[in-house]
Structure formats: structure tokens, C-alpha cells
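Please examine the sequence and the model shown below.

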Amino acid sequence: MQKLTNKQQQIYDYIASCPICPTMAEVADAAKITYNAAREHLLRMKNKGVITWDEGKSRTIRVTK
């Protein structure tokens with residue numbers, strides 16, 4: 001797994017602990033950041049291969065490892 005920033009690790013831990021896949025808005029609220037900032041972190045994490053989601057569908061954000 002590629003190195004995650006502290007905020008990305010916080011987001012990863014939150015997603016991993018959720019019983020159902022969270023929305024981007026829920027991720028933003030949990031990380032105490034804006035929706036756009038959450039999306040940028042999630043895109044970078046997706047590029048690192050640690051999470052995945054289906055574009056255009058809600059509640060599909062999940063960890064891959």
C-alpha cells in the first residue's frame with residue numbers, strides 16, 4: 001500500500017469502520033473537511049489503489065485491502 005497522508009489515513013480508517021459504504025458527504029463530515037476536499041482526497045486514495053467506488057452511484061466507496 002502506498003503511503004497515505006494523515007488525513008487520508010483518517011478517511012481510510014473511517015471508511016473501513018463503516019458498516020455500510022459511506023457517501024462523500026459523510027466522509028467530509030467525519031473528516032471535518034469540505035465536500036470538495038474530501039473528493040480530492042478520495043480521488044488520490046483511489047489512484048493509490050486503497051479505495052474504490054463507482055462513479056455516479058451513491059454508497060459505493062469501499063476499501064480494497
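**Packing around Val 27**

Beyond its neighbours within four places in sequence, Val 27 is in contact (heavy atoms within 4.5 Å) with Ile 11, Tyr 14, Ile 15, Pro 22, Ala 38, Leu 42 and Ile 61. The model is a predicted one, in which local features need pLDDT of at least 70, side-chain atom pairs count only at pLDDT 80 or more, and totals for chains, interfaces and linings use all residues. Residues are numbered from 1 along each chain as its sequence is written, and side-chain values use heavy atoms, with hydrogens and water left out.

Val 27 lies in helix H2; helices (H or I, at least four residues) and strands (E, at least two) are DSSP runs, numbered from the N terminus. With a relative accessibility of 1%, Val 27 counts as buried, where buried means under 20% relative accessible area, exposed over 50%, and partly exposed in between (1.4 Å probe, protein chains only).

In soluble globular proteins, nonpolar side chains tend to be buried together.

Helix H1 covers residues 6–17; at 1.5 Å a residue its 12 residues should span 16 Å, and its end C-alpha atoms are 17 Å apart, which agrees. The expected span is 1.5 Å times one less than the number of residues in the helix. Gln 8, Ile 11, Tyr 12 and Ile 15 are the buried residues named in H1. Viewed down the axis of H1, its buried residues fall within an arc of 100°, so they line one face of the helix; the arc is that of the directions from the helix axis to the C-beta atoms. The face of H1 turned away from this buried side carries the exposed residues Asn 6 and Ser 17. Among the elements that cover the buried residues of H1 are helix H2 (24–31), helix H3 (35–48), strand S1 (51–52) and strand S2 (62–63).

In H2, burial involves Met 24, Val 27, Ala 28 and Ala 31. These residues cover an arc of only 100° around the axis, which puts them on the same side of H2. The buried residues of H2 pack against H1 and H3. Ala 30, also found in helix H2, counts as partly exposed at 29% relative accessibility. Leaving aside neighbours within four places in sequence, Ala 30 is in contact with Gln 10 and Tyr 14. The C-alpha atoms of Ala 30 and Tyr 14 are separated by 7.5 Å, although these residues are 16 apart along the chain.

For H3, the 14 residues should span 20 Å at 1.5 Å a residue, and the end C-alpha atoms are 20 Å apart, which agrees. Ala 38, His 41, Leu 42 and Met 45 are buried in H3. Seen down the axis of H3, its buried residues fall within an arc of 100°, so they line one face of the helix. Exposed residues Asn 36 and Asn 47 sit on the face of H3 turned away from its buried side. The buried residues of H3 pack against H1, H2 and S1.

**Loops and a charged side chain**

Most residues other than glycine have a negative phi, and most peptide bonds are trans. Lys 32, in the loop between H2 and H3, has a positive phi near 60°. Lys 32 is exposed, with a relative accessible area of 74%. Arg 59, in the loop between S1 and S2, likewise has a positive phi of about 60° although it is not a glycine. Arg 59 is partly exposed, with a relative accessible area of 36%. Just after H3, Gly 49 takes a positive phi of about 85°.

Finally, Lys 46 lies over the face of Trp 53, at 4.6 Å from the ring centre. A charge sits over a ring if NZ of Lys or CZ of Arg is within 6 Å of the ring centre and within 35 degrees of the ring normal.
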